[in-house]
Amino acid sequence: MYADILILGQLLSGPKHGYEIKKNVQEALGESFEINNNLLYPALRRFVEMGAITKKVEKTEGKPDRHVYLLTNAGEEIFNELIRDFPRKMAANPMEFLVRVALFDRVETDVQLDILNNRMAVLEEEMEHQRKFDEVHSENRFAVEVIQFRIKQTEHEWSWLKQLMHIVQSSASESNNVEA
């Protein structure tokens, strides 16, 4: 699902060819978010069939034709629906969460806060589970090491989420003051 969000998100800023979408995602978010051709081009075909994007063929001399994709109004609506759709199961997936955060500049404050709150709820459950596991499995040294590491990771992400929450709320306050 996050790949669809990344692809449509790239087209929000204007028309692009497939390789440009792929390259931009990787440059902006790193190799962890790489979209391979076996994912990208079927998704682009599916979006064309849905009416979410249009495809224009650009002729280039001595090279294969280049397909340029443009987001439609329907595609913008689909992007907004995809980014807003963030149930608990998706909130548990770090990639789904991070992609949405990377596109916070494209969504309203209430959506940003919902995404952050959903992820925080997942982290609360994870921390509780990790602490219980740590108490039960204290005899296995390496399992304890892994659990301690995960607890620290989760606490670090929790702290980061609190920071993001503050940034989002401060930005919303500043916007409200400017409008008033």
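In what order do the elements of the chain run from the N terminus on? They run α-β-α-α-β-β-α-α-α-α-α.

## The model

This is a predicted model, where local features need pLDDT of at least 70, side-chain atom pairs count only at pLDDT 80 or more, and totals for chains, interfaces and linings use all residues. Residues are numbered from 1 along each chain as its sequence is written, and side-chain values use heavy atoms, without hydrogens and water.

## Elements and overall form

The chain has 8 helices and 3 strands. Both are DSSP runs, numbered from the N terminus: helices are H or I with at least four residues, strands E with at least two. The radius of gyration, taken over C-alpha atoms, is 20 Å.

The 3 strands form an open, antiparallel sheet in the order β1-β3-β2. Strands pair if DSSP finds at least two bridges between them. β1 (16-17) and β2 (53-58) are the edge strands, and each pairs on one side only. Between β2 and β3 (residues 66-71) there are 6 bridges. I53 stands opposite L71 in β3.

## Burial and contacts

Buried residues (under 20% relative accessible area, 1.4 Å probe, protein chains only) make up 36% of the 180 residues. Contact means heavy atoms within 4.5 Å. Among contacts between residues at least 6 apart in sequence, 60% join residues at least 24 apart.

Definitions and conventions
The radius of gyration is taken over C-alpha atoms; the globule rule is 2.2 Å times the number of residues to the power 0.38. Buried means under 20% relative accessible area, exposed over 50%, partly exposed in between (1.4 Å probe, protein chains only).
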